[in-house]
Amino acid sequence: MKLSVFTVSTPDLTPEELAKAAAAAGIQGVEWRYTKNPAEAANQAPSFWGNNLCTIDPSVSDEELLRFKTAAEKEGLTTLSITPYLNSLDLTATEQAFKHAKTIGASFIRVGVPPYNRTENYNDLFAKATDYLHQVQEFSQQYGIKGIIEIHHNTITPSAGLAHRLASKFSPDHIGVLHDAGNMVHEGYENHRMGLELLGPYLAHVHLKNAAWVSTGEEQNGVKLWKSEWAPIDNGVVNWKQTLDDLKAVGYDGYIGIEDFSNQYGSAQMLNNFVSKVKQWLA
C-alpha cells in the first residue's frame, strides 16, 4: 500500500509547499481539493473548508491547472485525483471535473451522492443517484477516469453496505467506492473487514482519519446526549492497526489517503506523524 494526501487537510500550504512536505514525509500521491473557496474567506486565516490554499478552483484555466500537476511531478508525486463536491448531482459540473482530471493526469474523481436529512425518501434519492451514475459511467468511459463514491455520513452511502448497493449497479471498471472508516464513526459503522470483503472489486481508494464520540454534558428527556467530532489518528474510535490488517487481508494494494481534521499539528508535522504511524501499524 502507498500513501497519498487529500489537500483539504493541508489548508495552510500552497501546492508547491504541499508537494515538498508530502515528498519529504515519504508520501507518494496527492488528491487535489477541487472547489471554489468562499469569497468571504479570502482574507481569513487558512482553514479546511474556507481559505484553503491548496485548492483547485473549477474555473481554472488549463495553464493554471498545470501548476498543480507540475508541483506534484517536480517532487515525484503521482496526481491520484481531483476531489470535487458534487452532491447536487450536477452533470455539467461533473463533466467539467472529468475534463480537468484528464488534463492533470488524475486516475479518478469523487462523484456525487445525495445527502440524506429526513426531508426526502431514501428510495427516491437512490433512484436519482442511480440515474446520475449512469451518466457518470459514460463520462468514465469517455475520459478514461474512474468515478468514485465516498462512504460519508449524512448521505445515502454512510456505510460500505449502502455504498455497495449503489455502486454494484455499475461496472467496477468505471464506478468505485472510497472507503472512509473515520466518516463511519459519525454514522454507518459496520465491521470493516466484512465491508471490505463485500466491496470487493469496487474498493477503489481509502481515506485515513479518525473521530470520537464525546458527551455534550446535556440531557434531553432524561437521556444523556453525545456528539461525534474529529480526533487524532491514534486517539479515536477507529482501530487503524486492525483496519490496515483488514485491508491487507482482502488484498488491497492501492493508496491510503491521509485526511486529518483534528487540528492537533501543523500540516507538515501532521503528514510526518501519519506516515510514522502507518509504517508502525503495517510492520
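**View 1. Arg67 and its salt-bridge partner Glu16 in the predicted model.** Arg67 is partly exposed, at a relative accessible area of 41%. The structure shown is a predicted model. The side chain of Arg67 meets that of Glu16 in a salt bridge, with an N to O distance of 2.8 Å. Glu16 belongs to helix H1 (residues 15-25) and Arg67 to helix H2 (residues 62-74), so the pair, 51 residues apart, links distant parts of the chain. Glu16 is also partly exposed, since its relative accessible area of 32% falls between the limits of 20% and 50%. By the rule used here, the model has 10 salt bridges, and the one between Glu16 and Arg67 is shown in this view.

**View 2. The salt bridge between Glu150 and Arg110.** The side chains of Glu150 and Arg110 meet at 2.6 Å, N to O.

View 3. Asp180 forms a salt bridge with Lys209, and their closest N and O atoms are 2.5 Å apart. The two residues come from distant parts of the chain: Asp180 is in strand E7 (residues 175-180), whereas Lys209 is in the loop between strand E8 (203-208) and E9, 29 residues apart. Asp180 and Lys209 are both buried. Through salt bridges that share partners, Asp180, Lys209 and Glu259 are joined into one network.

**View 4. Packing of helix H4 against helix H5.** Helix H4 covers residues 122-143 and helix H5 covers residues 160-167. Their axes come within 10 Å and cross at roughly 50 degrees. On the H4 side, the contact is made by Tyr122, Phe126, Ala129, Thr130 and Leu133. These residues meet Leu162, Arg165 and Leu166 in H5. By class, the contact of H4 with H5 has six nonpolar residues, one polar residue and one charged residue.

**View 5. The hairpin of strands E9 and E10.** Strand E9 (residues 210-220) and strand E10 (residues 223-231) pair in the antiparallel sense, over eight bridges. One of the residues in this pairing is Ala211, whose bridge partner in E10 is Trp230. Two residues lie between the strands of the hairpin. Asn221 is in the turn and has a positive phi of about 55 degrees, although Asn221 is not a glycine. Its place is the loop between E9 and E10. At a relative accessible area of 80%, Asn221 is exposed.

**View 6. Asn154 in the loop between E6 and H5.** Asn154 is found in the loop that runs between E6 and H5. The phi of Asn154 is near 65 degrees, a positive value in a residue other than glycine. Asn154 counts as partly exposed, at 47% relative accessibility.

**View 7. Gly144 in the loop between H4 and E6.** Gly144 is placed in the loop between H4 and E6. With a relative accessible area of 61%, Gly144 is exposed. Gly144 and Tyr202 are 58 residues apart in sequence, and their C-alpha atoms are 16 Å apart in space.

**View 8. Ser47 and its contacts.** Ser47 sits in the loop between strand E2 (29-34) and strand E3 (55-56). Ser47 is partly exposed, at a relative accessible area of 26%. Leaving aside neighbours within four places in sequence, Ser47 is in contact with Pro11 and Asn52. Ser9 is 38 residues from Ser47 along the chain, and the C-alpha atoms of these two residues are separated by 8.5 Å.

Terms used. Residues are numbered from 1 along each chain as its sequence is written. This is a predicted model: local features need pLDDT of at least 70, side-chain atom pairs count only at pLDDT 80 or more; totals for chains, interfaces and linings use all residues. Side-chain values use heavy atoms; hydrogens and water are left out. Axes are lines fitted to C-alpha atoms, for helices over the stretch in contact, and angles run from 0 to 180 degrees between N-to-C directions. Helices (H or I, at least four residues) and strands (E, at least two) are DSSP runs, numbered from the N terminus. Contact means heavy atoms within 4.5 Å. Ala, Val, Leu, Ile, Met, Phe, Trp, Tyr, Cys and Pro count as nonpolar, Asp, Glu, Lys and Arg as charged, and the others, Gly among them, as polar. Two strands pair if DSSP finds at least two bridges between them. A salt bridge is a side-chain nitrogen of Lys or Arg within 4 Å of a carboxyl oxygen of Asp or Glu. Buried means under 20% relative accessible area, exposed over 50%, partly exposed in between (1.4 Å probe, protein chains only).
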